[in-house]
Amino acid sequence: MRKIALIDPATRQGLAHREQLDGLRRFRYCPHLGLQALAAASADRDVRIIDERLEPLAPETLDADVVGITVRTALAPRAHELAQTFHRRGIRVVFGGPYVTLTPELALADPAVTCAVRGPAVAIWNQLLTDLEHGAPQTLYEGRPDDDVAVRCSNGSTRRYRPSTALVQITQGCNFRCRFCVIPALYQEQYTVPAVEKACETIAAQKARVLAFVDDNLIGNLSFARQLCAGLRGAGKKWVCQATLNVARDPSLLALMAEAGCVGVNIGIETLNTTTWEKENKQQNFSCELVSAIRRMHEHGICVSGGFIFGFDQDDIGVFDRALEFMARSGIDFAACHILTPYPGLPFHDQLRREGRILTGDLSRYSTYEVVFRPRRMTPDQLQAGFDRVVREFYSIRGICRRFGRSAQHLGVSTALVSAFGGYVVHSNLNRGLPIHA
Ligand code: SF4
């Protein structure tokens, strides 16, 4: 079994719109680091990675002995459809990704799935392939975080992706336990960091000048984060990352990050309601005054993207206007908006099911852009309409221009232009009926 195909499937919506993706939109895509790591862990086998978001996939003719599919919950219907075609052709199918980790019983109920990996797959991948070659695979493999935490880089990537940015992952997991989030479950509630010297060497060796850290929380270990920033000072890189809001309470860390080349941070604000922060165990946001937190990051030349989630039990119909008012007042540069999504396999989903509030079992709708449960203080239609309105107003031409003016003042024209470009792509997607992040 020498030929391995690793597939990153597309949503149905993504498949329907793939031909409409013009050069500008394609330019925003990045490769799947997890599949690249599996390819590197496949020893001397012949591996091909297929990104269905960008290229056609013909399961009836694909030349492979084994197919590995990374599956997010919303992609499960497409992944099973592909698996059934491969199975009919006698090709072994391995499932991994969040869907399997959260609901292995659903993945393995399909006879087309030969085996599945729960949790991070890289450390056990070669063993799994060897078992398949010997005809004796286990049904369910328990993955684990890498023994020696690897520094994963997209190595300047290939021509079909954004050429000037390298994706980097150096930590695994998150040190917090927000109730709605899948990350702790994916990494068995562990947060691991590599040796800082190794991380700095690998990062400095990247050809790309611009890096995007895809770590779920780059500052989960503050001592490591400080050493990393000190090591990256003078490396000539510009980078963006995801971090928790407590970063804004630490001016010395912000200064270190800025000196190390940080130009943007994505922060999970989630909600403006402090009761929700408590109920959802979002403790890192407690007692943080958001507007001054954003101002402090701007003062260090760092662009701020905020993650927002709508549909918490405390959210009433006024939540949308309050969010828009805050977004305008705070000068936040980008808003990543989502609808609360109770993924099957999380205790949160079980609770809503017991309360009779789950509206659909169609997993393709668990995309964070559709309402799949009955909210407590509004109707499902009100939640969907309010969410759609927030996204449309934030990414209106008026909103983009207003933010451009402010960002140019705080952060300089080039950063403001990049931010405005990202905003314009969302605006244009919405106008053309494309998925928000197409
Ligand atoms: S801080 Fe972010 S990544 Fe960590 S558990 Fe909370 S939502 Fe998830």
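## Helix α9

In helix α9 (residues 196–204), the buried residues include Ala-199, Cys-200 and Ile-203; a residue is buried if 20 or more other C-beta atoms, placed from the backbone, lie within 10 Å of its own. Viewed down the axis of α9, the buried residues fall within an arc of 95 degrees, so they line one face of the helix. The arc is that of the directions from the helix axis to the C-beta atoms. Helices (H or I, at least four residues) and strands (E, at least two) are DSSP runs, numbered from the N terminus.

The buried residues of α9 pack against β8 (165–169), β11 (210–213) and α10 (222–232). Two residues are in contact if their C-beta atoms, placed from the backbone, lie within 7 Å.

## Model and numbering

The model is predicted: local features need pLDDT of at least 70, side-chain atom pairs count only at pLDDT 80 or more, and totals for chains, interfaces and linings use all residues. Residues are numbered from 1 along each chain as its sequence is written.

## Helix pair α17 and α18

Helix α17 (residues 397–411) packs with helix α18 (residues 413–431) at an angle of about 160 degrees, the axes being 8 Å apart. This makes α17 roughly antiparallel to α18 (angles over 145 degrees count as such). Axes are lines fitted to C-alpha atoms over the stretch in contact, and angles run from 0 to 180 degrees between N-to-C directions. The crossing of α17 past α18 is right-handed, with the near helix turned clockwise from the far one by less than a right angle.

On the α17 side, the contact is made by Ile-397, Ile-400, Arg-403, Phe-404, Ser-407, Ala-408 and Leu-411. On the α18 side, Val-413, Thr-415, Ala-416, Ser-419, Ala-420, Gly-423, Tyr-424 and His-427 take part. The residues of this contact divide into nine nonpolar, five polar and one charged. Ala, Val, Leu, Ile, Met, Phe, Trp, Tyr, Cys and Pro count as nonpolar, Asp, Glu, Lys and Arg as charged, and the others, Gly among them, as polar.

## Lys-282

Lys-282 is in the loop between α12 (274–279) and α13 (290–299). Lys-282 counts as buried because it has 23 C-beta neighbours inside 10 Å. Not counting residues up to four places away in sequence, Lys-282 touches Cys-178, Glu-270 and Trp-277.

The C-alpha atoms of Lys-282 and Ala-416 are separated by 30 Å, and the two residues are 134 apart along the chain. Ala-416 is one of the α18 residues in the contact with α17.

## Val-265

Val-265 belongs to strand β13 (residues 262–270) and is buried, with 27 other C-beta atoms within 10 Å. Leaving out residues up to four places away in sequence, Val-265 touches Val-240, Cys-241, Ala-243, Val-247, Met-297, Ile-302 and Val-304. Val-265 and Gly-399 are 134 residues apart in sequence and 20 Å apart in space, C-alpha to C-alpha.

Technical notes:
A residue is buried if 20 or more other C-beta atoms lie within 10 Å of its own, exposed if 12 or fewer, and partly exposed in between; C-beta atoms are placed from the backbone. Angles under 35 degrees count as roughly parallel, over 145 as roughly antiparallel, 65 to 115 as roughly perpendicular and the rest as oblique.
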